[in-house]
Each structure stands twice: as C-alpha cells, then as structure tokens.
Amino acid sequence: MTTYGTIPTSSSGGTNLEFLTRARDRIQTGLGTRRPWKEMFNLASINFPQSVSDAFSRIKTNIGYFRMNYAIVVLIILFLSLLWNPTSLIVFTVLMAAWLFLYFLRDEPLTICHSVIDDRVVLGVLSVVTIVLLLLTNATMNILLSILGGLVLVVIHAVLRKTDDLFLDEDGLEAGGYLVASSP
C-alpha cells in the first residue's frame with residue numbers, strides 16, 4: 001500500500017529510527033532558541049544598573065532573551081553537583097529520559113487504557129515523581145543548593161548584562177509570561 005503525499009504523524013508502524021530522528025530534530029529546534037554564548041558573555045555589555053527599577057527591567061529582558069542559555073547553565077550546575085552522588089545522578093538521568101519521552105517529545109496525546117491523559121496531569125505526575133524520587137536519594141540539600149546557586153548566577157548575570165545592545169523583535173519578546181517591549 002502506498003501513501004504518496006502524506007506525512008505520518010504517529011509512530012504506529014514506524015521504526016525506532018524515525019522516532020529518534022524526530023526527537024533529535026525537536027531537541028535541535030529547542031536548542032535553536034539558544035542565543036550565542038559570545039553574545040551572552042560580552043564583557044563590554046557588563047556594568048552596574050543605574051537604579052533598582054533598571055535592575056528589574058534588565059532581569060526581565062535578559063531572562064526573556066537568554067532563557068534557554070540560563071536553563072542550560074542551571075541544568076549543567078545541577079548535573080555537576082550530582083556527580084558526587086551517583087545514585088541521584090542515575091535517578092536524574094532516568095527521570096530526564098521519562099520527561100523527554102512522556103512530555104517533551106510526544107506528537108500525540110498520551111493514552112492509557114484507551115483514555116486520553118491531559119498534558120497538565122502528565123506534567124503534575126512527572127513533577128511529583130521527580131521530586132519524590134530525588135528526595136529519596138538523600139541528595140536533597142545538594143540538589144536545592146545547586147539549583148539555588150544556578151538561579152543566583154542567572155540573576156547576577158541578568159542584573160549586570162546591559163540590554164540596550166540586544167536585538168528584540170519588533171513586536172517584543174515573549175518569555176515565559178513576560179512580554180518585553182523593545183525600546184524606541
């Protein structure tokens with residue numbers, strides 16, 4: 001049976017290679033929103049803000065602009081902190097695989113026993129399972145301190161990085177609920 005001109009959207013009848021190719025493409029697309037590291041760490045763009053309102057404005061703009069870079073930095077810090085706790089590292093790796101396959105890389109809604117599971121339910125269950133399993137590995141303080149350290153680094157960079165040389169869209173930059181208006 002030939003199906004010329006159609007694009008399969010489900011993995012039924014497909015190979016694992018097709019799924020892995022789609023997964024790789026989605027990860028590359030997600031990482032494609034990452035800004036160049038040279039732009040992020042441009043030393044000429046580092047200075048202290050003029051006021052507290054300027055600092056908050058910088059934080060909002062920089063988090064919107066460099067959000068993927070910041071997420072990568074925090075995840076790398078978390079990963080490095082787990083190197084000294086191999087059990088947590090294994091659990092973290094398995095959980096990341098579960099997140100990728102059950103939440104980030106799905107083309108279709110999750111169905112269990114012919115029932116469609118809402119994305120919010122999947123998100124909630126994965127979040128609770130992640131927290132519980134990582135707490136059971138006795139690396140709670142290590143995980144909390146590494147995430148806190150990563151967030152502190154992100155905020156420090158966001159405050160010190162000038163925003164007047166960032167090229168925002170004409171309509172603004174949507175960032176996790178923020179809409180940053182470009183300056184005239």
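Predicted model: local features only at pLDDT ≥ 70, side-chain atom pairs only at ≥ 80, totals over all residues.
Residues are numbered from 1 along each chain as its sequence is written, and side-chain values use heavy atoms, with hydrogens and water left out. Local features need pLDDT of at least 70 and side-chain atom pairs count only at pLDDT 80 or more, whereas totals for chains, interfaces and linings use all residues.

Helix H4 covers residues 67-82; helices are DSSP runs of H or I of at least four residues, numbered from the N terminus. The 16 residues of H4 should span 22 Å at 1.5 Å a residue, and the end C-alpha atoms are 23 Å apart, which agrees; the expected span is 1.5 Å times one less than the number of residues. Asn69, Tyr70, Val74, Leu78, Ser81 and Leu82 of H4 are buried (under 20% relative accessible area; exposed is over 50% and partly exposed in between, with a 1.4 Å probe and protein chains only). The buried residues of H4 pack against H2 (37-40), H3 (52-65), H5 (86-104) and H7 (140-160).

The largest nonpolar core has 10 residues, including Met40, Ile59, Phe66, Tyr70 and Val154. Such a core is a set of buried Ala, Val, Leu, Ile, Met, Phe, Trp, Tyr and Cys residues joined through side-chain atoms within 4.5 Å. H3, H4 and H7 each give two or more residues to this core. Another core, of nine residues, lies apart from it, with Leu82, Phe92, Leu95 and Leu134 among them. Leaving aside residues up to four places away in sequence, Met40 touches Phe66, Asn69, Tyr70, His157 and Arg161, contact being heavy atoms within 4.5 Å. In the loop between H2 and H3 lies Asn42, whose C-alpha atom is 8.5 Å from that of Arg161, 119 residues apart along the chain.

Two salt bridges were found in the whole structure (a side-chain nitrogen of Lys or Arg within 4 Å of a carboxyl oxygen of Asp or Glu). One joins Arg58 to Asp54, with the closest N and O atoms 3.7 Å apart; both residues lie in H3, four residues apart, about one turn of the helix. Arg58 is buried, at 6% relative accessible area, while Asp54 is partly exposed at 22%. Asp118 forms a salt bridge with Arg120, at 2.8 Å between the closest N and O atoms. Arg120 is exposed, with 67% relative accessibility, and Asp118 is partly exposed at 36%.

Helix H6 (residues 119-136) contains Val129, which is partly exposed at 35% relative accessibility.
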